[in-house]
Amino acid sequence: MASGRVDLDGNPIKPITICMIGAGGFIGSHLCEKLMNETPHRVLAVDVYNDKIKQLLEPSGSGELSWADRIQFHRLNIKNDSRLEGLIKMADLTINLAAICTPADYNTRPLDTIYSNFIDALPVVKYCSENSKRLIHFSTCEVYGKTIGCFLPKDSPLRQDPAYYVLKEDASPCIFGPIEKQRWSYACAKQLIERLIYAEGAENGLEFTIVRPFNWIGPRMDFIPGIDGPSEGVPRVLACFSNNLLRREPLKLVDGGQSQRTFIYIKDAIEAVLLMIENPARANGQIFNVGNPNNEVTVRQLAEMMTQVYSKVSGESSIETPSVDVSSKEFYGEGYDDSDKRIPDMTIINRQLGWNPKTSLWDLLESTLTYQHRTYAEAIKKAISKPVAS
Ligand SMILES: NC(=O)c1ccc[n+]([C@@H]2O[C@H](COP(=O)([O-])OP(=O)(O)OC[C@H]3O[C@@H](n4cnc5c(N)ncnc54)[C@H](O)[C@@H]3O)[C@@H](O)[C@H]2O)c1
Ligand SMILES: O=c1ccn([C@@H]2O[C@H](COP(=O)(O)OP(=O)(O)O[C@H]3OC[C@@H](O)[C@H](O)[C@H]3O)[C@@H](O)[C@H]2O)c(=O)[nH]1
């Protein structure tokens, strides 16, 4: 079944079993799909939900890469389930994606955020280390926090110097705000679990790879409030803006939409993860930025581009006031703070895996918003036309 597939050094790739924790989420669903469609590997998919991978859990057709017996769903909460160690032992590699990772939760549910991103990840690291199993752990670009450049005077020419803003895995500091800015509870928990994994590698020989995603976006990200998630829920920006566009409401720009982000298409990013899975000798012991430095925009520019793209794919003209400003306190509540700018340095992933992102921001928004329109437009129309109960 693995015939012809070779790694970056020309060695044949042997089929392995992967314990994927958080497999039912946005990234997990795309990774499962890739592994089923293009590789012979087996997946023990662990999550509390499976809606986003349902299509893979149905019996598949025939053919060489048929996934019939290669994916198995285990509904369990890793906080309190003794089956976890057994699943890690059965696998060659564990990938941990499980986390609370929506900014609206970091300042309003800081305890859940810290428990989810640090405490709940501890047994996963421990079982991998004790059983000599390889671990790929999902961290975040938020561990860098703010750039050095943002502390310079507004008119300083050094702000234009990449040395003051490009984020490098082995050189950049992690700069968070004060404790009362609970936004940083997530970044801080992720940083500590990174340090623990690194220490397990140094002291106990754990074979690990740490992934720092820089705003991966695409179909199936988060939920549309009131349709496939809670009406009052606040997902990440792609889903917030999609929801506004679908409902023909102005997009809300937090604190003027001045923060900058680089967005990468989920399918480009998944290619990088597959290279890590299949090239352990090149990926072990590494921390990888995975992002697209060419796709930088301010949040305001993102809103403008999404408005234009959505008009194109839906055939609807945009509304008269496409966006409105809103304060972060009003939108997220007390204790919110923000990363100013996120440009990933690509030297290490390029050197180790020869990987580069491909898809432009316009193209990735076009395919993603086509999906959003096709998936949600009818449901939103129905929800809007329902008479409000008196
Ligand atoms: N999407 C991004 O751009 C991005 C950026 C930076 C970091 N990350 C990291 O990547 C990982 C995956 O992110 P995502 O975007 O797919 O998020 P997601 O919320 O879509 O997926 C996380 C999944 O983990 C599951 N999960 C959470 N706690 C669990 C528990 N206790 N037991 C079992 N399952 C549990 C959730 O049900 C969910 O399906 C996270 O660790 C996140 O911090 C993602
Ligand atoms: O409706 C909205 C939603 C969000 N925003 C802004 O858009 C920017 C991006 O917000 P997102 O919700 O996508 O989240 P962030 O980029 O801040 O953090 C994310 O990045 C790294 C991951 O670890 C997490 O998935 C998440 O923390 C922020 O500046 C936010 O304030 C708006 O202006 N309007």
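A polar side-chain atom of Arg-261 sits 2.7 Å from an oxygen atom of ligand 2, a polar contact (a pair of N or O atoms within 3.5 Å; within protein, one must be able to donate a hydrogen and the other to accept it, and residues adjacent in sequence count only if both atoms are side-chain atoms). The model is a predicted one, in which local features need pLDDT of at least 70, side-chain atom pairs count only at pLDDT 80 or more, and totals for chains, interfaces and linings use all residues. Residues are numbered from 1 along each chain as its sequence is written, chains are lettered from A and ligands numbered from 1 in the order in which they are written, and side-chain values use heavy atoms, with hydrogens and water left out.

Staying with ligand 2, Thr-140 brings a polar side-chain atom to 2.6 Å from a ligand oxygen, while Val-237 uses a polar backbone atom, 3.1 Å from an oxygen of ligand 2. On its own, ligand 2 has 670 Å² of accessible area, and the protein covers 96% of that (Shrake-Rupley method, 1.4 Å probe; for residues, only the protein chains shown count as cover). Helix 4 (103–106), helix 8 (237–246), strand 9 (251–254) and helix 12 (328–332) are the elements that give two or more residues to the shell; helices (H or I, at least four residues) and strands (E, at least two) are DSSP runs, numbered from the N terminus. In total, 24 residues surround ligand 2, each with a heavy atom within 4 Å of it. They split into 14 nonpolar, three polar and seven charged, where Ala, Val, Leu, Ile, Met, Phe, Trp, Tyr, Cys and Pro count as nonpolar, Asp, Glu, Lys and Arg as charged, and the others, Gly among them, as polar.

Turning to ligand 1, Tyr-186 has a side-chain N or O atom 2.7 Å from a ligand oxygen, and Arg-236 has one at 2.9 Å. Phe-26 takes part through a backbone N or O atom, 2.8 Å from an oxygen of ligand 1. The protein covers 89% of the 820 Å² of accessible area that ligand 1 has on its own. Helix 1 (26–38) and helix 7 (185–204) each give two or more residues to this shell. There are 25 residues around ligand 1, with Ile-27, Asp-47, Asn-77, Tyr-186 and Trp-216 the closest.

As for disulfides (cysteine sulfur atoms within 2.5 Å), the structure has zero.
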